[in-house]
Amino acid sequence: MPAIDTVISTTDILEQRSRRDARHERLFRWLLKGCALIVLASLLGAAGATLWGGRDAFGTFGWHFLVSSAWDPGNEVYGALVPVYGTVITSFIALLIAVPISFGIAVYLSEVAPAWLRTPVASAIELLAGIPSIIYGMWGLFIFAPFFADHIKPWLTNNLGNKPDDGKLSWVAEHVPFVGKLFGSDYPFGASILVAGIVLAIMIIPFISSVMREVFQTVPTRLKESAYALGSSTWEVSWDIVLPYTRSAVIGGIFLGLGRALGETMAVTFVLGNAMHLSASLLDPGASIASTIANQFSEAVGLQKSALMALAFLLFVVTFIVLLIARLMLRRLANKEGR
Amino acid sequence: MLTIKHSPLRFAAAATLAVAATFGAAAHATDITGAGSSFVYPVMSKWSAAYAEKTGNHLNYQSVGSGAGIAQIKEGTIDFGASDAPMKTEDLQKFGLGQFPLVVGGIVPVVNIAGVTPGQIKLDGTTLADIFLGKIINWNDPKIAALNAGLSLPAGKITVVHRSDGSGTSFNFTNYLSKVSPEWASKVKFGTAVEWPTGVGGKGNEGVSQYVRQIKGSIGYVEYAYAVKNKISWVDLKNSTGNVVSPTAASFAAAAATADWASAKDFNLIMTNAPGEQAWPITATVWMIMYKNPKNAANSKVAFDFFKFALEQGQQAATALDYVPLPASLVSQIEAYWASEFKH
């Protein structure tokens, strides 16, 4: 009898324990689901709130809001073209500069640099990533923009632009389409789309390069060693072995940087020049979605406030489209590799 | 173990006591809250410190922008709002509000032209408007030369610098341009932000001063204190009587004194282009907006006491920060308005 008792009580305990485990498992799952749902809810909430706030602007101007370059609080006419263009083009310039440099940094740190140098440089990069954006903005406004206006811009306008100081068009401006327009400018100062792009590039290099360095280190040594054994140079190993192996993570890192560039507010507000005019020139001032909102939100009322909310919603849309493109690119790459 | 376990508790208890003590002390005084215009923020903080020292009552002023200030007073979450633009009498009546000016400041055009010192260059309203409209694009334009006999101006291009953020400074500056230039009034109009026909935007007074200092041949506008602090050359202006005046405390005060307050119901008057002989044409003020029948009568009473203190004893603090106290004639009009319009 005592033996049976023990068996029963053991089964009881086991049953109890498994029930408790199941309960805990359920609880844990709900907790995880809750965590994930918070992200989804806040995303939908923010997008929904900006769409709701911008309903007056969308209702008043309709599709015209997207293609109009007007931003005229005096006459209550608003369009999103100038800020959307400014956001996309400054981020594009930033990527154009930041991606090759980040790749160089990452390859140097993971393949070339002597071991004692790797950790200090890597920490320095991570430190750069932590600098508040207002500092970059002040540096851009007080130091970089005047330097650019004095030393770089004159060369660009005179040698590439369609409005050189002496009136004589350079060969490039005359014969290569669009270049003259891109670098032609009447304004004698630094703050411009190009400067904003450069400052943004400096801001996102730490993000992209630290992701790249991190994933480059995951490449199995035997792959690299085999390539070296076959007589590959460092460049060939980086380009043909390391990069293909880590491609999707590298693209992920690039889009992380792009995401930051698209939404960057303070630094861009300082160095973009804040002019609501559409200009083909990279040396003219412009406006971005985030800078327009930061500039005007505190004093805006009525339709202007609604137009700013509508702009915020468009920033969601632009970011969403960019992420969608990233996903499509990754999928195409995966298909090509037959994975 | 025990001590380690207990020490955070003990600390928490001590902290609670300390917090309770702080709040306990404060509970004897009344805390009032205001929000709005950033233009008035520096002098407001100075006044509130002096007032707290004198009476023990604290003022918490949030410099969130005029638009937000008006929105918050309409919702009744604060004791007073502060706005760079006056509210219309209809709107005031709809919400049961009243408004009055508190302090005066000047806005000055500033330039960066090689060899031109503060006050050396003179402009009139229409020329200034034409520059900001992008119609006058060179410093050697005959219209500018006609106003500046004896001053040789270089042939450089003019770069216009304006505020990129919505601001009371822009509101008063564009209001002045609307009064002196029919073209500005019909095309651009006036407001805290407008569609600037030309130029670049700097964020805040600091942003505009910085751009003007960097860009040769530029012209912008800032609050007077910024022009003085940053040593930027300001422009003398021809006022509505045809006199050329310099931006000084006296000319700002002249504008405040000669503006036609008596016939402006609820002080709804923007005093740019004031009629005085010595009046600086771009002089601005800020309006305090309060409920006539406040929900919290005790707080409202303290707020009025604070404003009385600011108007009657705060002149020195205002002058030190390059604001101008209201002239005595206006102060007595305001106090009469308090007595007739507000319950307190």
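User: Which sense do strands E10 and E11 of chain B pair in, and over how many bridges?
Analyst: This is a predicted model. In it, E10(B), residues 236-238, pairs with E11(B) in the antiparallel sense, over two bridges.

User: Which residue in E11(B) is the bridge partner of Leu237(B)?
Analyst: Val245(B).

User: What sheet do they belong to?
Analyst: An open sheet of three strands in chain B. The order is E5-E10-E11, and the pairing is mixed.

User: Which are the edge strands there?
Analyst: E5(B), 122-123, and E11(B), 244-245. Each of those two pairs on one side only.

User: New topic, E12(B). Is that strand mostly covered or mostly open?
Analyst: Mostly covered. E12(B) spans residues 283-291, and nine of its nine residues are buried.

User: Which residues sit on each side?
Analyst: One side has Thr283(B), Thr285(B), Trp287(B), Ile289(B) and Tyr291(B). The other has Ala284(B), Val286(B), Met288(B) and Met290(B). Both faces are covered.

User: How many bridges join E4(B) to E12(B)?
Analyst: Eight. E4(B) covers residues 97-112, and the two strands run antiparallel. Within that pairing, Gly106(B) has Thr283(B) as its bridge partner. Thr283(B) is one of the buried residues of E12(B).

User: And how many join E3(B) to E12(B)?
Analyst: Three. E3(B) is residues 80-83, and that pair is antiparallel too.

User: Which residue of E12(B) does Gly81(B) stand opposite?
Analyst: Ile289(B). Ile289(B) is buried, on the side that also holds Trp287(B).

Terms used:
Residues are numbered from 1 along each chain as its sequence is written. Chains are lettered from A and ligands numbered from 1 in the order in which they are written. This is a predicted model: local features need pLDDT of at least 70, side-chain atom pairs count only at pLDDT 80 or more; totals for chains, interfaces and linings use all residues. A residue is buried if 20 or more other C-beta atoms lie within 10 Å of its own, exposed if 12 or fewer, and partly exposed in between; C-beta atoms are placed from the backbone. Helices (H or I, at least four residues) and strands (E, at least two) are DSSP runs, numbered from the N terminus. Two strands pair if DSSP finds at least two bridges between them.
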